[in-house]
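Have the viewer open as you read.

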Amino acid sequence: MKLTRRGFFVLSSAILSSIILKDKSYATSGKYATLIDITRCDGCSNEPLPKCVLACRVQNKVRFPEPKKPIIPYWPRKTYEDWSDKKEKIDTLTPYNWIFVQKLQIKGKEIFIPRRCMHCDNPPCVRGCPFGALTKRPAGNSVINEKICFGGAKCRDVCPWFIPQRQAGVGIYLHLLPKFAGGGVMYKCDLCKDKIEKGEEPACVVACKDRLKEKSVFLFGERKTIYELARQRAKDEGLFIYGDKQNGGTSTLYLSKVSFDDINKALIEKRERFKMPVEVKNKIQTTFNPIGKVVISSGFLSIIGAVVAAIISKHKEKGGDENGR
Amino acid sequence: MAGKIKRHSIIEILEHWILAISGIILIFTGLGCLPLFKRYYIAEIPGLAWTGDFNTVTTVHYIASIFFVMAVSFHIFYHGIRGEFGLLPKRGDFGQSIKVLSAMFGIGEEPPSDKYLPEQRLAYVGMGIVIVVITLTGIIKVLKNLEWIVLSPNVESINTVIHTLSGFVFMIAFVIHVGIVICFKSNWPLLKSMFTGWIDEDYVKQRHSLWYKKIKNEISEMEK
């Protein structure tokens, strides 16, 4: 079969469109967002444990790690990260607890903040994973593929909130060089990826809605609607927003009566592992991308230079040959 | 230059060393992009604390890639347009390479060679393919981060894995390349020529006899 020029372009376009997303707008910012209204959160004080935390644990229980023991330390270090004997711990993020509620006292008032992955628009964890184990899904959620995660914990190091948590003794690294490379598998909230792909809401959102009805702390929906609602409420009620600008924007917005500067100060004073800094720059956007533009443009300039230099040198050689004759 | 033959132009020397130096930096910072340097105490060596910070390591990786991409692009287009394909493999290069490598270990005699040894031509293509793969996947990563192209999650993942794995292959190929040059005395004049551009006529006569014949034929043609 002869491939015509037109046919070539049609075929190329088909291949390209198959690898590029159908709807470009979903690829960067994501389709959905969550609003977490901490003005409404009481930490489920009359419940044995917060409903969002319980729902998350029930929903994801089948995916929790079951490490192979004894666990080998991360040579040459003598340590390893093992949370398997702290499965019931709910006051922090662990491989067995992907959402938790922080409790703070600010100016005599109690504040409860549900914390989990922010699902950044341009997530450093996804862009930085050397094994492609993390992906940013069109729905807006960042997802860890536990089958190819080596547990190097780079995603945690580059995350402004240090969200992903590692469990040793599980994952692909056990089949390669478990003593020398890898460290387990990283775990974090993926916004109940299977549920939202089916058009359902994440388990934490559903559980909170069941308890508080229209006064639910969590609201999940189309990103545009959530952003508009959060901004409108912030304007009307004099609330503070967190998550719209931090790290270049995220799919999780917090609303609070107390400023996030004060909240972060309180978190620092309390020596919490998970803070809420107001100034969070996205290094991909602020540092890497400007250099990336130089990489691309200098590559083009180099090609132009090569073409010009080759033509000139060939022309000179030709001239030289003719003169020699 | 008496008793010397020009082997490399200044352009080739620059291409080689820009690629080599940026390549070394890219390998080192590429390893630093893996979570290795902190774990293996590299970041605790005085002066290397920066290698424990992924953002700094990635920044240096990006800067080095400017020079790497420039050298690769220039090399392909400059020599492609000039029709300089002497480093591309020829029929029978595989068998000849075995003979050349055996001779380096003192087994048998080295066959007569053209300007480049047959194993150099094979290595060039192997290294070339790896470099092109690394460069293209790296550029895709840059374009994707810039959001100038949008990839599906799976394609983004596959591209990342290919970039990381081809980085390992490049590192191994780099070590073999440097090892073969340094470990075998017969290759030292070639290393020298990579700095000066010139090579001893006697060396060419003995090791690159086919090339030497061509040069002599060209000279006698010009004199006619």
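**Notes on the model**

1. Let's begin inside helix 1 of chain B, where the buried residues are B:Glu15, B:Leu19, B:Ser22, B:Gly23, B:Leu26, B:Thr29, B:Gly30, B:Gly32 and B:Cys33. Keep in mind that this is a predicted model. The partners that these buried residues pack against are helix 2 and helix 5 of chain B.

2. Now the geometry of that helix. Helix 1 of chain B covers residues 10–33, which makes 24 residues. From first C-alpha to last, helix 1 of chain B reaches 34 Å, close to the 34 Å expected at 1.5 Å a residue.

3. Stepping back to chain B as a whole, I get eight helices and two strands. Read from the N terminus, the order of elements in chain B is β-α-α-α-α-α-α-β-α-α. The C-alpha trace of chain B spans about 65 × 40 × 35 Å along its principal axes.

4. Chain B has 224 residues, and 27% of them count as buried. Among the contacts in chain B with a separation of 6 or more, 70% are between residues 24 or more positions apart.

5. On domains: chain B is split into domain 1 (8–84) and domain 2 (86–224). Their C-alpha centres lie 18 Å apart, and the contact between them takes twelve residues from domain 1 of chain B and twelve residues from domain 2 of chain B. On the domain 1 side, the elements giving two or more residues are helix 1 and helix 2 of chain B. Helix 1 of chain B gives the most there, with six residues. By class, that side of domain 1 of chain B has five nonpolar, six polar and one charged.

6. Next, the contact between the chains, which draws 37 residues from chain B and 47 residues from chain A. On the chain B side, helix 2 (54–82), helix 4 (118–145) and helix 5 (153–183) of chain B each supply two or more residues. The largest share, 16 residues, comes from helix 2 of chain B. The side of chain B that touches chain A is made up of 23 nonpolar, ten polar and four charged residues.

7. What about the cores? The largest nonpolar core has 65 residues, and those with the most contacts inside it are A:Cys52, A:Cys56, A:Ile99, A:Leu134, A:Cys155, A:Cys204 and A:Phe218. Helix 7 of chain A gives the most to this core, with six residues. Apart from it lies another core, of 20 residues, among them A:Ala306, B:Leu26, B:Ala71 and B:Val72.

8. A:Ile99 deserves a click. Leaving aside residues up to four places away in sequence, A:Ile99 touches A:Cys52, A:Val53, A:Cys56, A:Pro114, A:Arg115, A:Arg116, A:Cys189 and A:Cys204.

9. Finally, is A:Lys215 buried or exposed? A:Lys215 counts as exposed because it has 11 C-beta neighbours inside 10 Å, and the cut-off for exposed is 12 or fewer. Look for A:Lys215 in the loop between helix 7 (203–212) and strand 8 (218–222) of chain A. A:Lys215 is 178 residues from A:Asp37 in sequence, yet their C-alpha atoms are 9.3 Å apart in space.

Key: Residues numbered from 1 in each chain as written. Chains lettered and ligands numbered in written order. Predicted model: local features only at pLDDT ≥ 70, side-chain atom pairs only at ≥ 80, totals over all residues. Contact = placed C-beta atoms within 7 Å. Helix = DSSP H or I, 4+ residues; strand = E, 2+ residues; numbered from the N terminus. Nonpolar A, V, L, I, M, F, W, Y, C, P; charged D, E, K, R; others polar. Expected span 1.5 Å × (residues − 1). Domains from an automatic or database assignment. Core = buried A, V, L, I, M, F, W, Y, C linked by C-beta atoms within 7 Å.
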